[in-house]
Amino acid sequence: MAEFPSTARVVIIGGGVVGASCLYHLARAGWTDCVLLEKNELTAGSTWHAAGNVPTFSTSWSVMNMQRYSTELYARLGAEVDYPMNYHQTGSIRLAHSHERMQEFERARGMGRYQGMDLEILSTDEIKARYPFIETHDLQGALYDPNDGDIDPAQVTQALAKGARDMGATILRFCPATGIDRQNGEWIVKTDKGDIRCDYVVNAAGYYAQRVGEWFRPFGGRTVPMMVMSHQYLLTDEIPELEDWSRQQGHKLPLLRDVDSSYYLRQEKYGLNLGPYERNCRAHWVQPDDPMPEDFSFQLYPDDLERLEWYIEDAVARVPILGTGGVNKVINGPIPYAPDGLPLIGPMPGVPNAFEACVFTFGIAQGGGAGKVLAEWVTEGATEWDMWATDPRRYTDYTDRDYCIAKGMEVYGHEYAMHFPWHSWPAGRDRKLSPVHDRIRDLGGVMGAYNGWERANWFARPGDDTSEESTQTWNRAGPWEPRIREECEAVRDACGILDLPGFSRFNIEGPNAADWLAGQITGAVPRVGRIGLVHFADARGRVVTEMSVVRHRDDLMTLITAAAAQWHDHDLLSNALHGVEGVTLTDRTAEYATQILAGPKSRDLLAGICDADLYQPWLTHQATEIAGRWARLVRVSFAGELGWEIHTRTPDTAAVFDTVCQAGQAHGLKPFGMYALNSLRIEKGYRAWKGDLSTDYTLFESGLDRFVNLDKPQDFPGKQALLAERKTGPAKRFVTLIVEADKADAPYMSTLWHDGQIVGETTSGAWGYRVNASVALGMVRADLAAPGTVLEVEIYGQRHRATVQPDGPLWDPENERLRA
């Protein structure tokens with residue numbers, strides 16, 4: 001028997017398909033000194049009872065990439081590692097009952113085509129030709145994916161494990177991790193067979209990930225945001241009619257998904273496998289009388305078919321032969337859910353050299369890609385694709401037990417739901433409230449959640465339809481549209497106020513603070529009394545984050561960043577400060593609040609309520625008093641008009657807000673929301689983090705040349721890559737487009753075409769109410785970035801003329817209004 005390893009480079013806790021994939025990909029990267037610990041046999045958790053479906057479909061660009069990679073890996077894995085696997089790429093048919101669903105399918109087809117996948121849109125006749133047992137009378141069409149199918153979960157896990165072992169990695173079965181410790185910058189993973197000292201730890205513990213995550217609390221960790229759902233699927237007896245057809249055709253039926261009714265139906269030998277995602281779903285292990293057991297290996301919950309009655313009846317009506325086969329077996333097992341239904345892959349928030357690859361709802365489909373992503377995080381410190389959609393740091397301190405349960409059940413019950421741009425999911429709301437939240441609601445604020453913070457998306461008038469049903473559209477038109485126009489026009493012609501709670505803000509302080517920051521960012525640190533936009537790059541010169549730096553003194557700065565970036569950017573700063581003397585980092589997010597005041601009359605308004613010098617130039621800041629409370633006026637405007645950010649201490653926010661609003665009555669002040677702000681910023685070409693700015697693009701590709709100083713002495717991260725790119729020129733270029741759009745503006749990752757070729761993608765889009773046009777921001781092949789170039793943008797399957805605009809803002813291109 002092999003000697004127990006007392007040291008390793010990486011220890012992975014959990015032996016499901018994801019843990020095995022992580023080990024396999026680490027070994028492929030040359031990190032063979034890695035150990036996987038499994039408390040039972042491999043696959044003992046959710047993997048063993050998984051249905052094994054392997055879709056590529058997603059409306060998330062990064063998740064689609066990850067799932068596409070899985071299908072490609074699984075197709076070749078058996079031969080590569082010499083392990084036979086049952087992988088059936090039968091293709092799949094997703095049914096659409098509505099025009100809106102067909103629009104979603106067209107969008108997915110466009111994304112898939114960009115990634116090299118041959119997705120097809122089917123008519124009802126074409127559905128029937130591929131699936132003769134189906135009733136199509138009430139369908140609009142379908143999406144066909146030739147690469148979809150199913151795989152044996154145990155076989156793919158064992159194949160990944162064999163591949164990892166063959167490369168030199170170690171798997172210890174029946175060896176549960178029992179705890180962790182940290183000494184001298186190393187992790188100590190405890191087991192009953194001995195301790196393993198290692199550099200990195202990966203939590204791949206599936207539905208036990210929260211329990212494992214608690215071990216990291218003393219070292220800066222938090223409770224893993226997750227819960228566990230009961231998912232049932234049933235297997236029928238063999239159906240003679242299906243057997244006859246399969247033998248004649250020589251293949252299985254395509255996997256069928258009726259996403260509007262919310263179930264999948266798959267051929268299993270000569271029977272059928274029906275798996276609903278029911279609205280009246282059930283969470284497990286969330287109540288005191290239903291505690292999570294210490295070990296649930298290879299176990300299931302009792303059958304609970306009453307919950308599925310409607311779905312079974314609907315599926316039988318859709319595919320009548322389903323009703324001819326009796327129920328042979330019911331599988332009811334635990335599946336972990338994060339609050340948005342996407343997994344946690346990436347750095348563990350607040351904990352050095354610890355990673356998560358857990359909480360997979362679709363672990364088989366995503367497992368192959370997850371291993372690739374995790375291995376890149378560990379070995380390179382960055383991933384090929386921007387993976388913010390699955391980054392554990394996308395959640396912060398609002399994800400308590402009740403929130404995770406409510407959101408997990410909501411996501412499960414709407415597993416196949418369309419995610420419309422104007423829709424806000426109702427569960428788990430009001431986690432973080434502005435001090436003026438009630439005032440915003442009284443003014444008509446229709447709210448949305450941003451890192452748990454409630455902000456107004458738009459302001460409704462009495463009689464406006466604010467129902468959830470009204471938001472079930474991809475189109476621009478809706479009760480919000482005239483209100484967004486009014487809000488934008490108020491900012492253009494008079495002034496508007498936007499309550500913006502939750503800005504992430506960090507103080508950097510100490511005699512070495514400015515020198516340290518200069519060595520981290522691509523450009524310059526602003527002078528005392530000034531504010532500047534700065535960017536952090538990774539080793540490849542790609543955009544990691546963007547922050548505003550408010551310079552108070554030589555040795556004190558406040559770094560302000562997006563609400564969603566709080567834990568991401570705090571990790572970035574704290575990791576870079578590790579071992580640095582003379583600099584301290586303090587999170588001040590909860591202590592301050594912000595309002596945006598913007599518009600040509602904003603100076604006149606402020607002049608009546610404070611004694612500040614309101615003619616200090618753009619990109620300056622100063623302290624003043626409003627309503628007897630301290631406030632800092634920062635002369636910037638994401639809305640692209642004369643304006644200020646008003647920063648106050650959180651307890652003083654209401655008094656200041658009330659004073660501004662009262663004074664604003666004489667100046668045409670109107671509250672505006674996040675939708676209007678998005679329109680206003682797109683007209684100015686201002687980039688949004690994790691949309692226009694991400695690690696999918698370098699700073700030069702992103703058009704941020706003026707924020708890069710390659711001549712400064714500091715060797716900041718990414719400098720060498722950017723020096724090399726300056727010589728060759730960027731492959732893509734950021735552009736602003738005027739789009740001859742119809743009913744909908746270009747969503748994120750809409751494909752750009754030129755002469756029948758895919759040449760780029762949009763990163764955001766909206767109607768510009770000041771320029772009276774549909775505007776898109778995007779990335780295009782560098783040779784096509786010249787002003788006047790005519791492209792096409794694909795919006796929900798329809799191509800629309802899009803013209804590249806001169807570099808710079810569409811609205812107020814010389815920034816005269818902004819600097820007034």
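Good morning. I begin with a pair of residues inside a sheet: I596 stands opposite E645 in β31. The structure is a predicted model, in which local features need pLDDT of at least 70 and side-chain atom pairs count only at pLDDT 80 or more, while totals for chains, interfaces and linings use all residues. Residues are numbered from 1 along each chain as its sequence is written, and side-chain values use heavy atoms, with hydrogens and water left out.

Let me stay with that sheet. Helices (H or I, at least four residues) and strands (E, at least two) are DSSP runs, numbered from the N terminus. Two strands are said to pair if DSSP finds at least two bridges between them. Strand β28, residues 592–598, and strand β31, residues 643–649, run antiparallel and are joined by seven bridges. Strand β22, residues 495–499, also pairs with β28 in the antiparallel sense, over four bridges. Within that pairing, G496 has A598 of β28 as its bridge partner.

Is β28 enclosed or open to the outside? Seven of its seven residues are buried, so β28 is largely enclosed by the rest of the structure. Here, buried means under 20% relative accessible area, exposed means over 50%, and partly exposed lies in between, with a 1.4 Å probe and protein chains only. In a regular strand the side chains alternate between the two faces of the sheet. Both faces of β28 are covered, with Y592, T594, I596 and A598 buried on one side and A593, Q595 and L597 buried on the other.

I turn next to the barrel. Six strands form a closed barrel in the order β33-β36-β35-β34-β37-β38, with antiparallel pairing. Neighbouring strands of this sheet are turned by 40 degrees against each other on average, direction ignored. Between β33 (residues 732–739) and β38 (residues 798–804) there are three bridges, again antiparallel, and L737 has V804 in β38 as its bridge partner.

Two helices meet these strands. Helix α4, residues 99–114, packs on the sheet and touches β33, β34, β35 and β37; its direction makes about 140 degrees with that of β35. Helix α18, residues 674–683, lies across β35 and β36 at about 125 degrees to β35. For these angles, axes are lines fitted to C-alpha atoms, for helices over the stretch in contact, and values run from 0 to 180 degrees between N-to-C directions. Contact means heavy atoms within 4.5 Å.

UniProt, in an unreviewed entry, places the feature "domain: Aminomethyltransferase C-terminal" at residues 732–805. UniProt positions are given in the numbering used here, feature names are shortened, and annotations may be inferred rather than shown by experiment. Over residues 732–805 the chain is 0% helix and 62% strand, with the end C-alpha atoms 16 Å apart. Over residues 380–434 the chain is 25% helix and 0% strand, and the end C-alpha atoms are 39 Å apart.

Now to the nonpolar cores. A nonpolar core is a set of buried Ala, Val, Leu, Ile, Met, Phe, Trp, Tyr and Cys residues joined through side-chain atoms within 4.5 Å. Which residues have the most contacts inside the largest core? They are V10, I12 and L77, in a core of 47 residues. Among the elements that each supply at least two residues of this core are β1, α1, α3 and α10. Helix α1 gives the most, with eight residues. Leaving aside neighbours within four places in sequence, V10 is in contact with residues including L26, W31, Y200 and V378. Apart from this core lies another, of 38 residues, among them A51, M117, I331 and V411.

Helix α9, residues 309–318, has Y311, D314, A315 and R318 buried. Seen down the axis of α9, these buried residues fall within an arc of 100 degrees, taken from the directions from the helix axis to the C-beta atoms, so they line one face of the helix. On the other side of α9, E313 and A317 are exposed. The cover over the buried residues of α9 includes β4, β13, β14 and β15.

I close with two single residues. S62 lies in helix α3 and is buried, with a relative accessible area of 5%. Not counting residues up to four places away in sequence, S62 touches D386, M387 and A389. Y615, in the loop between α16 and β29, counts as exposed at 64% relative accessibility.
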